[in-house]
Amino acid sequence: MTAPARTRTSADLIRAEEPVLAHNYHPLPVVVARAEGAWVEDVEGRRYLDMLAGYSALNFGHRHPALIEAAHRQLDQLTLTSRAFHNDKLAQFAESLAELTGQDMVLPMNTGAEAVESGIKVARKWAYEVKGVPADRATIVVADGNFHGRTTTIVSFSTDESARTGFGPFTPGFRIVPYNDLAALEAAVDETTAAVLIEPIQGEAGVLIPDDGYLAGIRELTRRAGCLFIADEIQSGLGRTGRTLAVEHEAVVPDMVLLGKALGGGIVPVSAVVARREVLGVLRPGEHGSTFGGNPLAAAVGSAVVELLGTGEFQRRAAELGVTLREGLAALEGKGVRGFRARGLWAGVDVDPAIGTGREISERLMREGILVKDTHGSTIRLAPPLTITDGELRSALGTLEKVLTEGA
Ligand SMILES: *Cc1c(COP(=O)(O)O)cnc(C)c1O
């Protein structure tokens, strides 16, 4: 007989998952039961500082009071209509998100991968209807090392073998060029190119920040070539880097921006394609959709997220605390840190492989009450909630120093 859930320990729960849950993840052995702000608590009541923040889905921390209140209020009114009918929350969400991002129109979806898929469809349709690319010939140029999600079309242009192997046949129509290489990008763009699809900072690849001028260069070259610039800001956007969008660091306005993760406030999945009217305007009734996209609960939470970002407070915090993060990591260089890349409250830290793999370092940090996630090899990613305090951040850096200098 199965024991009642409340009597099951973390170890019980981890063991219970094994036979019934698909093994597509390898989580750290921590079972979270409660959370608030930057802190989570496990089944046994141990507390951890969350330095991953749901891969930036929790930019405002766990259960931000304004977001929880918006969700509660909406739960008591209306949760789903489908887009067969209008709902009274969607106009406000679309208006405020378009204004926040400096774009004209919004296509609401749910997950990040759906936003990317939708962006690809819109770009192709734009290429055929507006640019005049011959039918089924449109290409989209993407970067090596990209991460845009997990659907079959998206893994078709991944360069990560573990994301692709066994999942073919793949969707054609993509060209892969090295990241941070404008000349290669320029060489790959031709009259069939619908769009260049790029992460302004490559998160999963290890928080890779391109050289200054790369994003402005893409803007310039896509304008000249008459193709779209699509920025996947699903992880880099919504305050993480110290700006609302990471492209703002180069004062660039793409033709289309893909948002997700933090847009749902860590409460519900909310994603969106935001674009100029000439671009998103190519979609007509029946050509694209989603049962849950734009539902009133998502719209209410999304509007509350946009409202929080409208204050500028979170962008400011990310920029200011980003200085603490950068200085703290710089002080660890040579003390177990081989190198790091940081912008705002976001860093990829390359640990000396002699000290351990990213996974081993993450496990040691977990035992010290800090939750992080490795990316590749000996790189760990730091992305705390933007609500973290300076003291909490310094304490996490102190713990990192301890773990790196004490060794295994
Ligand atoms: C997470 C992520 C996605 C996919 O989002 P899901 O909600 O997991 O489908 C796409 N692009 C980037 C840059 C991401 O970080």
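Predicted model: local features only at pLDDT ≥ 70, side-chain atom pairs only at ≥ 80, totals over all residues.
Entry: I began with the general idea, which is friendly enough: side chains of opposite charge can pair when their charged atoms come close. I then picked a few to look up one by one.

**Entry: a pair within a helix.** I looked up Arg 15 and found its side chain in a salt bridge with that of Asp 12, at 3.6 Å from N to O. Both residues sit in helix α1 (residues 10–17), three residues apart, so about one helical turn separates them. I noted Arg 15 as exposed, since its relative accessibility is 57%. Asp 12, at 27%, goes down as partly exposed.

**Entry: Arg 276 and Glu 278.** Here the side chains meet in a salt bridge with an N to O distance of 2.2 Å. How exposed is Arg 276? With 26% relative accessibility, Arg 276 counts as partly exposed. Glu 278 is also partly exposed, at 46%.

**Entry: a pair across the sequence.** Next I turned to Glu 401, which forms a salt bridge with Lys 335; their closest N and O atoms are 2.8 Å apart. I placed Glu 401 in helix α14 (residues 390–406) and Lys 335 in the loop between α12 (313–332) and β11 (337–342), so this pair ties together parts 66 residues apart in sequence. Glu 401 has a relative accessible area of 29% and is partly exposed. Lys 335 is partly exposed too, at 39%.

**Entry: a network.** Last, I followed shared partners: salt bridges join Lys 125, Glu 129, Arg 284 and Glu 287 into one network.

Definitions and conventions. Residues numbered from 1 in each chain as written. Heavy atoms only, no water. Salt bridge = Lys/Arg side-chain N within 4 Å of Asp/Glu carboxyl O. Helix = DSSP H or I, 4+ residues; strand = E, 2+ residues; numbered from the N terminus. Buried < 20%, exposed > 50% of the residue type's maximum accessible area, 1.4 Å probe, protein only.
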